[in-house]
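Dear colleague,

I am passing on to you the structure we spoke of, and below it you will find a short account of what was found. Please keep the model open while you read.

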Amino acid sequence: MERERTDLSDWEMWDEQYVWHPYTQMKGAKHLSVESAKGSQIKLKDGREIIDAVSSWWVNPHGHSHPYIAEKIHEQAQNLAHVIFAGFRHEPAARLAKTLADWLPGSLNRVFFSDNGSTAVEAALKMCIQAHYNEGKPKKTIVAFEGAYHGDTLGAISTSAQDTFFTAFKEYTFEIQRIPLPNAGNFKDCFEKFHSVLKDGDVAAFIYEPLVQGAAGMEIYSPFHLEQLIQLAKQWGAYCIADEVMTGFGRTGKTFASEYMETSPDVICLSKCLTGGALPMAITVGSDEIYEKFFSDEKQKMFFHGHSFTGNPIGCAASIASLELLKKQDCQDAIQRINRQHKAFSDRIKSHPKVTRLRMMGTILAFDWKIDEKTNYYAEIRDELYEFFLSKGVLLRPLGNIVYILPPYCISKEELEEVYSAIESALEKF
Ligand SMILES: Cc1ncc(COP(=O)(O)O)c(C=O)c1O
């Protein structure tokens with residue numbers, strides 16, 4: 001099909017004709033053409049530079065095209081790009097597994113590889129279900145929070161709230177028991193509801209995003225409440241799955257949000273920032289106790305899961321490099337500095353009439369833009385704000401009328417100021 005538009009290059013035409021973009025109503029969709037990206041800046045084909053204040057869907061801790069990560073990817077690609085991971089092993093995967101196991105809380109010691117956040121969740125759910133099954137005590141129920149988001153594959157969708165994104169698939173999901181996200185006002189009810197579900201003895205797992213529900217709208221809740229829910233679940237023999245796909249690797253101020261609680265989860269899901277934003281990879285780490293349920297003379301007790309690119313060596317090399325960068329003092333200082341800047345910015349906007357429910361944790365800052373209707377994902381103001389921020393050279397993707405900042409840790413003080421100033425201009429304009 002020939003197009004009349006002549007201002008587009010060949011590849012832009014190909015994009016328009018052949019590519020289907022994610023979470024996008026393709027009718028009328030506009031896509032910015034990216035030339036390159038370095039640090040916090042995305043450079044467009046037309047020469048504009050955009051500050052990536054959402055870490056490209058939350059995946060980028062150290063900035064785009066980080067030279068150290070690029071170097072390690074290059075080295076690894078020349079030596080071993082990929083090899084089957086069943087029946088074979090290699091140093092990058094083993095080294096990454098050891099690094100993570102040393103760093104993770106509790107007895108989270110068995111590292112299982114997959115490709116993205118949703119598959120990390122699928123593997124976690126299956127791990128817990130099969131662990132009970134292997135023990136000869138199959139359990140069926142999964143418990144999740146209201147409003148949760150754990151990914152786009154069918155198991156992950158089942159555990160996620162279905163009203164916003166997933167109504168078309170409701171019939172195809174499995175049943176979930178839901179408890180409200182705890183707060184000071186509802187905690188007693190939340191705890192009692194959880195207790196009554198657990199008492200049936202059929203709960204295989206409780207899955208949660210520790211302390212911040214990301215896609216649900218950056219909803220922050222207390223470690224004190226989560227600690228009690230985790231303890232209760234364990235008391236009744238349910239495994240606890242911490243979905244740290246978004247909260248992992250420093251996002252909440254500690255390396256893992258699970259470190260804010262005393263009791264460790266049985267399974268943790270990691271992805272997003274794992275490879276430093278360079279490559280798709282995910283990890284599901286199981287505790288020693290879970291692993292033991294699979295370790296057997298019986299073949300049928302093996303974990304029945306595995307993807308073609310499991311343990312991809314280049315992804316592992318990128319992850320090891322990214323973790324080395326994360327451990328460095330200057331990265332840890334940057335995380336704290338962003339948090340201090342967010343606090344000072346909060347003071348600047350907290351009394352603005354359009355700002356409600358201002359909240360913050362680690363490097364995340366969010367608030368609800370006051371609208372006449374209830375906060376929702378389809379709020380009209382969303383598209384206006386998105387375009388306005390871009391016109392100011394800043395990438396922010398409000399979740400409906402919820403505006404949030406989730407920057408790469410390498411963002412400079414000045415770049416972050418530019419992000420704040422775009423928000424302040426919007427507050428004045430709309
Ligand atoms: C908490 C959480 N879990 C799982 C996922 C799914 O990750 P992916 O998009 O890599 O499949 C996401 C994605 O935003 C997430 O935020």
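The notes below take up the sheet, then a pair of helices, and then the ligand.

Please bear in mind throughout that this is a predicted model. It holds an open sheet of seven strands with mixed pairing, whose order is S4-S12-S11-S10-S7-S5-S6. Strand S4 (108-114) and strand S6 (177-179) are the edge strands, each of them pairing on one side only, and neighbouring strands of the sheet are turned by 20° against each other on average, with direction ignored.

Turning to the helices, the axes of helix H4 (residues 91-103) and helix H10 (residues 313-327) come within 8 Å and cross at roughly 35°, and the crossing is left-handed. Among the residues that make this contact are Pro92, Ala93 and Leu96 of H4, together with Cys316, Ile320 and Leu323 of H10; by class, the contact has eight nonpolar, two polar and one charged residues.

As for the ligand, there are 15 residues around it, of which Asn116, Gly117, Ser118, Gly151 and Val245 come nearest. Helix H5 (residues 117-134) supplies the largest share of this shell, namely three residues, and by class the shell has seven polar, five nonpolar and three charged residues.

With kind regards

Terms used
Residues numbered from 1 in each chain as written. Predicted model: local features only at pLDDT ≥ 70, side-chain atom pairs only at ≥ 80, totals over all residues. Near = placed C-beta within 6 Å. Helix = DSSP H or I, 4+ residues; strand = E, 2+ residues; numbered from the N terminus. Nonpolar A, V, L, I, M, F, W, Y, C, P; charged D, E, K, R; others polar. Pairing = 2+ DSSP bridges. Axes fitted to C-alpha atoms, helices over the stretch in contact; angles between N-to-C directions. Left-handed = near helix turned anticlockwise from the far one by under 90°. Contact = placed C-beta atoms within 7 Å.
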